[in-house]
Protein chains: 4
Amino acid sequence: MFEVIVWGASGMAGGELLRILSGHDGMTVVAAVSRRSPGKTVWHDHPHLRGCYPDVVYSSPEEALKLKSDLVFLALPHGGAWRIAVDYRERGIPVVDLSGDFRLKDPADYSRWYGLEHGAPEYLQEAVYGLPELHREDLVGASLTSGVGCNASCAILGLAPLASTGLVESVRMEMRVGSSEAGASPSKGSHHPYRTRTMRVFEPFRHRHLAEVIQEIGLPEEKLSMTMTAVEMVRGVQMLAQVFLTEPIKEAVLWKAYRKAIEGHPFWSLCPARPSHLRLPDPRFVLGSNSASVGFVLHEDGKRLLIVSALDNLMKGASGTAVQAANLMLGLDETTGLLTSPLYPA
Amino acid sequence: MFEVIVWGASGMAGGELLRILSGHDGMTVVAAVSRRSPGKTVWHDHPHLRGCYPDVVYSSPEEALKLKSDLVFLALPHGGAWRIAVDYRERGIPVVDLSGDFRLKDPADYSRWYGLEHGAPEYLQEAVYGLPELHREDLVGASLTSGVGCNASCAILGLAPLASTGLVESVRMEMRVGSSEAGASPSKGSHHPYRTRTMRVFEPFRHRHLAEVIQEIGLPEEKLSMTMTAVEMVRGVQMLAQVFLTEPIKEAVLWKAYRKAIEGHPFWSLCPARPSHLRLPDPRFVLGSNSASVGFVLHEDGKRLLIVSALDNLMKGASGTAVQAANLMLGLDETTGLLTSPLYPA
Amino acid sequence: MFEVIVWGASGMAGGELLRILSGHDGMTVVAAVSRRSPGKTVWHDHPHLRGCYPDVVYSSPEEALKLKSDLVFLALPHGGAWRIAVDYRERGIPVVDLSGDFRLKDPADYSRWYGLEHGAPEYLQEAVYGLPELHREDLVGASLTSGVGCNASCAILGLAPLASTGLVESVRMEMRVGSSEAGASPSKGSHHPYRTRTMRVFEPFRHRHLAEVIQEIGLPEEKLSMTMTAVEMVRGVQMLAQVFLTEPIKEAVLWKAYRKAIEGHPFWSLCPARPSHLRLPDPRFVLGSNSASVGFVLHEDGKRLLIVSALDNLMKGASGTAVQAANLMLGLDETTGLLTSPLYPA
Amino acid sequence: MFEVIVWGASGMAGGELLRILSGHDGMTVVAAVSRRSPGKTVWHDHPHLRGCYPDVVYSSPEEALKLKSDLVFLALPHGGAWRIAVDYRERGIPVVDLSGDFRLKDPADYSRWYGLEHGAPEYLQEAVYGLPELHREDLVGASLTSGVGCNASCAILGLAPLASTGLVESVRMEMRVGSSEAGASPSKGSHHPYRTRTMRVFEPFRHRHLAEVIQEIGLPEEKLSMTMTAVEMVRGVQMLAQVFLTEPIKEAVLWKAYRKAIEGHPFWSLCPARPSHLRLPDPRFVLGSNSASVGFVLHEDGKRLLIVSALDNLMKGASGTAVQAANLMLGLDETTGLLTSPLYPA
């Protein structure tokens, strides 16, 4: 069993890491770190985990840094995670950093999209973008891996096969996101009377995760936009992409591109053409699982296309993919600890 | 007081008509018609109306046809409503038909979008499309008025001012709809365990209400598409339109077009530019009211535009607009019975 | 038109007062007071009210105190409201204080249930408990009126007719409450991912509103308990009371007691015995209205009884009843501004 | 691997059995039976299971009856399940019947609570009530096992330790249930616009599952009642029991009774006394898991008690417990396939 440490364990992605790792055959959690509440029982924040971690209390950062471990997960805010990541990296301990600090290759992009100068730009090239569906080989044995943006991973897995056709004129992504995306801290916007059943369009064109999409699918920014709507879900993100192609395409070509891209990936699946009501994925169908599901419909004019993708933002959009990447880094089977089927209806 | 009859009173739009009319100073309901349950108390189906209609029972169609009345509302399924509409029309009693039977001017359009031959095509030209914001003058004194499609009215009120600029290259409408849109009859798709919190994309390009949008805003079908998503709301429809313009526009020009269009309409409003979180409307902000609210954001390239509109599908999208039209037909103040403010948070 | 001032206008009860008063024929709002945001447009907090109050900005407390007015509503936290109430009272301006400061007659009760010494105990006897269904005559012309607790009013209207029978052995009230009950300030408990769909039993026996119930229905504390559960609603409170009687009662006696109590009250209604699925009220059936609805079922042993009552906590449980009381204080018709029918389904 | 057949596979409990068994190391599904849709792919009804069962189609009853198997699950309606159960039983194939047909020992009870004569009363004594927490030893090697009622199991696990004290004067159970309890067939009551956010009290005293509680905890009917409320959840049942004791009890005695009862049971847990907000269980904390969680608070008078229990009705309340029982019947470890941790927040 590899021994791992989870930083940011009191947060939502941290809690999800603890949940996944409680049923993982190849890793065991030796410390759950929380700066604010060292000594407090972890299940006070994560009441569903009382059975799995009846006695585990949060470690302080100081205690954690003294512990031996085989890998470290950082579920911390961007802007500060890089410091701890670099510290571990320099001591030779592999790191998966779920924050945005190591997602973008170009420090100028980081400055632009995050509004901060990066403190360790020399590591950006080395860090692997931790989406195994695109970077599996680089992840095997990697030392420094970035987690993925939840919206970004949903968009990338929905669009990468399309981008490979070279026929994209424009893609207007419409992301619908659940309330867990904003994390564990309350705010006016997340206050239940205001947040429930909302259809709040909170970003018209350019969510920060767009930067990852541009980088990973290789399309220029001017062809892309990412609109955000907060909807009534807790977990889940769904992309509905309105696509124009530069020239008409045959549906069979699209099927081929998607089938080829998805083949061999345990957590990336393509919706069937039939029955029609299951052709485009609902986030509910992957709730609690590590699956990303993609579907599309081509307009009869061959140039207009609708692509829909869906995943559980805490699983495939964050902690699930982080564990999947860590499995590869440690030489474990990629699917270890991640084969739970979706919970439906729930 | 004008005496009116409500057909289809056991359904959802019918119930909403009864609710509005219970507080209307110029009309009184002399019969609530239900084919299936004549003699049954109306509040058995509409428990919230027990206070307003403690003793009213449904009339049978036969009874209703014998009654004198000043105006008739038909909240019946399309395909059958036209027969009753024509009957009243020929007897000189004004009709507001909420079904789709008199929305489209061209019988060929009706055949194409509804899959039926129209039984009274000679009345299509005479019938007024009952959206006062576009046809107020025609409605004054009209004899045969069509109600509006809920999605159509949301789209038309969001896009008509834009269409007037003559600069539209394409509009991809994304409609998000609540469960009341499907009416009062249960189905697998509306079964709570499956319907709740869904993000079901049930129509990729061409919802039937698109036909009304084409007709009313005067843009050709090839520039438009209408994608439908069922979301977790009961009441409410929201359009999020991804627009491309043929050439860059100045934001001030857009503001002017929208302000001009909306001016003088009591139930059509434009969101302010500030604060930014209220720039694009949430259906929750108009819940229970007859208001349609519209907002937009122009991309800095001047060619990409996001337009969002929202309304309560049972009010402004159906029964509210029907009463508004009826007010005009009968020479009443347009706003009579419709000035209830939205209920929020709810 | 009477001129009124609303203190605490940025909160949830304050917003609801503004909403009701926007459609009130006998009162007009001359100032909406907010300590935190004077000068800010009121619809920034209450986006649904942009149409009614397009230009109204919050007044500061200092400004408000200088204004002439005919009546003042205080929607402020307890512990501070009494000061302002007394100030207005001493200047001869009638006050409706929605806080808990003037609900209890005995200062010792206030200390016990609120954990504070009361600053103006000499006014407690004078203040009228502002539930017109119990104190209508005292409200006519009153100078100082207390608003009601939302849970308390639901319980009192459900139980007062029963208490009058003199046969109560025990009543265990189970209150189910929506998220708006906690007001407009976010907290961990109201954070959407945690609050949504919860069934959080947050008080086992003795919610603070129990004090009002004891006082108003005249049953001793040892016969009563009030359990609280937070449930998935925004608006709404429902009481489910498990009652034991000291001796068997005939159902007809109960019907008589309830009918007699409720007779003549425009906002207090009794559910019918038939159909059985409408015998016990759902808060949804009174959403947005000022109605309280009550139903009961007697066990065949004649000694076990289930009583269910429901209301909209922001309307009949707070601002609606406050306006109803103010109508009486000012000599207006009790129902002025309050006759909106419930919104259903919503 | 034991080979098992699932009857009623297109329903909700059937789908949950398929989901659990897809990750079960000791059983494999050789047939998923559906009378209505033989030949149809199972994931058409259970879209979340497309990954687990990409090619499995429903078998007809006739096909299923010809297959060899080691155990059979019946997720069929009561009144018809017994026939198939008896058929298998007589052929020596162990059966777990999730319907109500074999829950009650006394045929007169079956007639009374189900309104039917039982077709095979001679098997009622032999059938084991399949709640391992009460009947583990009887289940080892059993041939005919009854599944449990979801509300009944929630109540029994909440109350059995209390009943053992011999001090119960009365227990009024208030069950709050999610929409999945009613199964996969749509109805007016489950129609989303009406079902969502309801607080529908649909049974005042005596839900059918009360019969199981009486039988299993050994308290007489006159001390018990079971009120039902449909609430906004899909999965989940919570019991809130208002208890009166015959004489005051010390809290330590209660803790001892509950700890003793629960000890050694992998899926039955007791909430801690601290922190207070986690003292009484929310169904959300066990969502998707096979855990039942129980908490209580004793009033300071020592005679009034509040007991709250919660479980996932499709798991511990139906299919999870059925698999747990089957594990024991087949000599497998009781927890096989059932150790998934709860999904939260979701």
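Tutor: A disulfide is a pair of cysteine sulfur atoms within 2.5 Å. Keep that cut-off in mind. This is a predicted model. Take C:C150. The closest cysteine sulfur is in C:C154, and the gap is 8.8 Å, so the two are too far apart for a bond. C:C150 has a relative accessible area of 11%, so this residue is buried. A:C271 is in none either, and the nearest cysteine sulfur, in A:C154, lies 12 Å away. A:C271 counts as buried because its relative accessibility is 5%.

Interface size is often given as the accessible area lost when the parts come together. Chain C and chain D bury about 3800 Å² between them, and carbon and sulfur atoms give 56% of that. On the side of chain C, the residues that lose the most area to chain D are C:R172, C:R197 and C:M199. Together they make up 19% of what that side buries. The contact draws on 47 residues of chain C and 47 residues of chain D.

C:R206 forms a salt bridge with D:E300, and their closest N and O atoms are 3.1 Å apart. Several elements of chain C each supply at least two residues to the side that touches chain D. Among them are the strands β7 (168-177), β9 (224-230) and β10 (237-245), and the helix α7 (192-195). Also on that list are β8 (200-203), β12 (292-298) and β13 (304-311).

Turn to chain B and chain A. Here 47 residues of chain B are in contact with 47 residues of chain A. The buried area is about 3800 Å², with 56% on carbon and sulfur atoms. The salt bridges across this interface number 4. A:E174 pairs with B:R176 in a salt bridge, the closest N and O atoms being 2.3 Å apart. On the side of chain B that touches chain A, the elements giving two or more residues include β7 (168-177) and α7 (192-195).

One last point, on chain A. An unreviewed UniProt entry places the feature "domain: Semialdehyde dehydrogenase NAD-binding" at residues 3-142 of chain A. Over that stretch the chain is 31% helix and 15% strand. The end C-alpha atoms are 17 Å apart.

Note on methods. Residues numbered from 1 in each chain as written. Chains lettered and ligands numbered in written order. Predicted model: local features only at pLDDT ≥ 70, side-chain atom pairs only at ≥ 80, totals over all residues. Heavy atoms only, no water. UniProt positions renumbered as here; feature names shortened; annotations may be inferred. Helix = DSSP H or I, 4+ residues; strand = E, 2+ residues; numbered from the N terminus. Buried < 20%, exposed > 50% of the residue type's maximum accessible area, 1.4 Å probe, protein only. Contact = heavy atoms within 4.5 Å. Buried area = accessible area lost by both parts, 1.4 Å probe. Salt bridge = Lys/Arg side-chain N within 4 Å of Asp/Glu carboxyl O.
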